[in-house]
Amino acid sequence: MTLALSINGRIRQVQAGLSDTLLTVLRDQLLLTAAKRGCNQGVCGACTVLIDGRPQRACLSLAANCEGAAITTLEGLQRDASMARLQKAFAATGAVQCGFCTPGVLVSAHALLSHNADPRTDEIRAGLSGNLCRCSGYRKIVDAVAEAAKEAKP
Amino acid sequence: MSATAKAVGAALPRAEVREKVEGRAQYIADLYRPGMLHGAVLGSPHAHARIKRYDTSEALAVPGVHAVLTGDDFGDHRMGAFVKDEHAIAKGKVRYVGEPVAAVAAETEAAAKLAARLVSVEYEELPAILSPEAALAPDAAIIHEDVASYFKVFDTGSTANVCSRTSLTEGDAAAWDRCDVIVEGRFATQPQAHVSLEPCGALAEPDATGRVTLWSANQSVFRVQANVSESLGLPMAQLRCLTPRVGAGFGNKMEPHIQPIAVKLALATGRPVKLILTREEDFEIVRARHPFKLRVRTGALKDGTLVAREVEVLLDGGAYADDSPGVLGYSLFMSPGPYRFRYMKASGTLVYTNKLRFGAFRGFGNPQVSFAGEQQIDEIAARLGLDPLAVREKSMLRPGDKWFGGAEVGSNGLEECIARVKAASGWAKRAELEPSAPGRKRAMAAACTAHISGLLATGAIVRMLEDGSIVLNTGAVDIGQGSDTALTQICAEALKVPIERVRLASPDTDGSPYNWGTTASRVTYTTGRAVVAAALEVEKQIKQHASEMLECDAADLELRPGGRVGIVGVPDKAVSFFEVSARAHWARGGPIIGHNSLVFEKPSVDPKRAIAVGLPFPQIGAFAFGALVVDIEIDETTGKIEVKRAWSAADVGRAINPLAVEGQLEGAFVQGMGLALNEEMVWDGPRLANPTLMDYKVPTTLDSPHEIHSIIVEAPEPDGPFGAKGVGEIGINVVPAAIANAAAIALGKRFNALPLTPERVLRAMLGK
Amino acid sequence: MRIEGSFVVAAPRERVFAEITNPALMAGCIPGCEAIEVIDPKTYRARILVEVGPIKARFNLVVEVKEEVPPERVVSITRGEEGTRASVISSNNELVLAPAEGGGTEVKYVAEVSVTGRLGKFGLGMMKKKAEALGAKFAENFRGKIEAAAAS
Amino acid sequence: MSVPGFHRPKSVEDAARLLAETDGARCLSGGATLVAMMNASLAEPKAIVSLAGIPELAGIAELANGGFRIGAMTRHAATAGDARLAGTLAVLRDAARQIANPVVRNMGTIGGSIGFADPAADYPPALVAANAEVEIANAAGRRRVAARDFFVDWYTTACGPGEFVTGVYLPPPRPGAGLYKKLARVSGDFAIASVALSAAKDANGVSIRIAVGGCGPRPIRADAADALLSAKFGDAAAAAAAGEALAAAADPVDDVRASAEYRRLVIPRLVAETVAHARAALEAR
């Protein structure tokens, strides 16, 4: 059944059945593979995307339920200044190891900074508590978000 | 990076970080091929049963199904790192719940999964063996009836349900008589799941001649090639194994998972087949950290000098040997810890059970034996009223000492590691630590460790292209630990070129030199040495050309930063790598290629010093050292432990990339904290009861301390690349032991079993 | 997954034994039992609907009586699957009837249940909790039927 | 042109009718629970009735009597962030804040969460402590059930077939304190055990409501516990007795999070700690 979804600012036609999730449609049909499938149960956070500006789990969002919503994936944030600062800081502080969690963490961090421009360390840790990372021990990820926030200050 | 900046020692971003932060990095699940089919497997419902017959008719009737394979479609070929005891799919018998019994390839994933469920299998159930003790019972059912006939790479002593046994003894047992204090205890650790964030998967594509190209989540393209060819009875040359980006491994992708089945499905259908495990299948089918049962005795003089230790371990190996014999042997090899003992005896038995195979997991047995050994040193210190770190400093291995069994220790920075963590943590004033709130108990404790970096074979090829830039090819898979970047830095440093002038070729069994694998903290040291040696060959060829171009003796030449070679002391007499390479390509000598192959050759044991029985690896070494201090708090209401701060120092010989070294120490600490405090795979009878991330929980940002201070100590390893040793595992080894030591100080109670859940701690506090 | 429980019925053991091996009566007591069919004196086929929250699972089961020692013991094995073999269930069951004071009978039941497939992976925790509730419901229905019949 | 079987009715009545008439239809609110079960093939609905298109189900509205109506589609993040839920109602905000993690709190809804009724979830005990009522709709109309009666058994509520939660009614906040103490293995996990407490303080003393989560088929409460705490709030012995009463009323199970025995052991200790924190909060006012 064809469905029109607004993804990264463009209307994309996708095929979706009742149980197809946004994650499956993004990855298998639109080949937007930044959002990753780590658990398909909404726990790991590797599939985090923005839906109407709020970070949500693509694996727990039915494609059929996303009609009319504005969906933004990491691929759609390449020209976003705040995301550019995050990417630069993640690279510089060693916050990326295997990189499988990175897209989800970046989307959550981007959303965090969009409503709290200068978060304390504990606020960053709370904001990212829904994104699992098994490689880094989180410390450099949290430092990178703080670094990106500092960079944004005029 | 400017031409003059150093490569080795620079905290450079990862070579591949751009694609990772832009979401363009491609992992196995992100690969799509034209005409690709999807695979799925059916797991065994029984822990131990004979397979009587299959009925695939219902499965074949599912629309879109191209192939349904069962054990009958696979030859009687077996694979296994130490004992060749494993088919590519269950054949004749199932040995753990979830073991793949049938596999399907179909147009869609849904059709494949439905068809896999519809394969009906008739079983004859056998008694399930669910513990090592049950496996050793005289009348126990035998899991591998023909274990005696399996090919084994060392003298395993396999018999009945015993997969292997190992023992290592050094010194004179009479040392026990000289001990003023002896502590003894039984300890138990729990199965831990790797939870690499990327589930295992593979994509196999046959060509017209039946040769298969196989991408998969792996830690060694050469182990994939060996395991797939052995288990399918294919010549290795018929397989080309490649690697996409890998979403972490920690050991669970070192040996095979779904690759052999994916290749067989591709051959059966003549189509590319992609098979990605669900998170739940990854928990149930692949492998996990060995639960250990230990009996340990440690004796010391009244001044705290360590004298003797005996360690006896019993390992649940699960249904197949996999890396277990290695884990058994290595845990015994590391069981003294980094200390001098006059008498040391370590022995152990590995048994088969009807659970999923237990295998390699960061630390490879060291965390398990350290959980016992490092607590006993604290117990001795407490009994003698001595500072636990002082007791360790008194008996620690010193430069020039040999390891247990006689292995040579190149460099040893343990003393500095202990000094640095003591200073950074305010160890001397640890008694003054105040709880952060009423109703809490606070304590600081420590533990020390060592780990190896050198074993087995590797190689490197360094090619200079026409324009003088460099392509490095090592066959080492970067599973996220940063080896691509570190090896590139080593090569750039060796040839004094900016790092951007060196490109690393992705591992490919067709073109890369052999590399045993990304495991045992070995790649920086073992492969790094091959890179330095290969670069040296390139340097020789460059200087040969330059001596002819500049009409001088090659010995008078030096490499200069930025890709130039010139006469020592004559700044303007130089030529660029570009000019040298052009000459080599078009006029003299031919293209410049440097190659080196090596295997780690230092013996693990000196027969004159120690008696070894069933040691699974004759040549390992290159020791790194570490010291850890933790500051914890215990909530007296619930028994819940919170780690507030940690200081983890490691002697890594030379930090090729300090950012990556810190990342390994911090990541290992938090993964070790999960092992210490709450991670546990729980069985409900024969079934894994928590094979989902809803029920198996790993630490989040809010469970991990922000203050994890990683401290780099550098005691250069004589033959290490620029002095470097390994760092991948050392940061996890003593996290459970240090936390248990801190809990013992806070509560005056010793914890002999992991994990230290609120329940276990509260019971101990209340004496329940 | 081990499910066990016991309850007392105000009726003599012989009576309870007769009823417990009477499929028609059992059909009415087992919660969610939609149909029971006798294949032979030792084998029954049953269809049971289990609802746990939003999960609906319709099991097609075959119950094989392995051992019958009137009036005290029945050992049986249940095999079955659910939907297109979405879950496979097997369980070894034992019912023991012991005389209770006052002429009643204590019914003790133990089932070692193994569930694989979708319910085994995800629903194990929920299934275990629901199973205990099912056991209690069975006891209530069974006691009601026996004591009602005894009273009339 | 939506997906066949996917309905997005505009009114509660349309939704109720659809649910009643469509075979194998299931209600979709935030999706945090239902879609997770669909991904695990635990739920395979033939039709889905999304409540996202029904305006009255969204948002938190202040009522004439000073209480509040939380629409079933209100996301945890909104409940966690609504400062009007103060005094005794703060127990609900404190609970919403500790559900899962920030991203899931953007998705999960109060209607979906309490409809699924996992007794280890954070809302059930909090709603009982807040003395809330749950509004249920069906094709015939709506009814209200007290929270303490809404949660019946494991994953079983007062909702019958074809019925769904449309909202939660909260009494007017009374000056005092409300807090939710959650013991879990790691952040974001379901509770091993939790204590929800609301303490109203006025001229003639203190009135306490307390409920325990994660330790039985539904939130555990005991009139004796409320009475004991209200009578001698702040008295350690009373708090201990209340804790014992709640532990006795509990019916915990062994699961992968903890043993039943540990839950019984920790309930009185958690209750005592929660009462102490509540007393400190009251005194601070």
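So, in chain B, the centres of domain 2 and domain 3, taken over C-alpha atoms, are 38 Å apart. The bounds here come from an automatic or database domain assignment, and for chain B that gives domain 1 (17-24 + 457-599), domain 2 (31-126 + 200-276) and domain 3 (356-449 + 621-766). Quick caveat: this is a predicted model, where local features need pLDDT of at least 70, side-chain atom pairs count only at pLDDT 80 or more, and totals for chains, interfaces and linings use all residues. Residues are numbered from 1 along each chain as its sequence is written, while chains are lettered from A and ligands numbered from 1 in the order in which they are written.

Back to chain B. Eight residues of domain 2 of chain B contact seven residues of domain 3 of chain B, and by contact I mean C-beta atoms, placed from the backbone, within 7 Å. The domain 2 side of that has five nonpolar, two polar and one charged residues. For the classes, Ala, Val, Leu, Ile, Met, Phe, Trp, Tyr, Cys and Pro count as nonpolar, Asp, Glu, Lys and Arg as charged, and the others, Gly among them, as polar.

Now hold that against chain D, which is split into domain 1 (6-50), domain 2 (57-170) and domain 3 (177-284). Domain 2 of chain D and domain 3 of chain D have their C-alpha centres 20 Å apart. Their contact takes 27 residues from domain 2 of chain D and 25 residues from domain 3 of chain D. On the domain 2 side, α4 (90-97), α7 (123-129) and β8 (151-153) of chain D each bring at least two residues; helices (H or I, at least four residues) and strands (E, at least two) are DSSP runs, numbered from the N terminus. The largest share of that side, five residues, is from α7(D).

Next, between chains. Which two chains share the most contacts, of the five pairs in contact? That's chains A and B, with 42 residues of chain A touching 46 residues of chain B. On chain A's side, α2(A) gives the most, four residues, and the class count is 22 nonpolar, 14 polar and six charged. Chain A also meets chain D, through 29 residues of chain A and 26 residues of chain D. The chain D side there has 17 nonpolar, nine polar and no charged residues. Chains A and C, on the other hand, have no contact, and their closest C-alpha atoms lie 10 Å apart.

The largest nonpolar core has 437 residues, and B:V104, B:A115, B:C491, B:I739 and D:V91 touch the most other members. A core is a set of buried Ala, Val, Leu, Ile, Met, Phe, Trp, Tyr and Cys residues joined through C-beta atoms within 7 Å, where buried is 20 or more other C-beta atoms within 10 Å of a residue's own, those atoms being placed from the backbone.

And one helix to look at: α14 (residues 577-586) of chain B, whose buried residues are B:F577, B:V580, B:S581 and B:A584. Down the axis of α14(B), they fall within an arc of 95°, so they line one face of the helix; that arc is of the directions from the helix axis to the C-beta atoms. Covering them are elements including β17 (457-464) and α13 (523-549) of chain B.

Definitions and conventions. A residue is buried if 20 or more other C-beta atoms lie within 10 Å of its own, exposed if 12 or fewer, and partly exposed in between; C-beta atoms are placed from the backbone.
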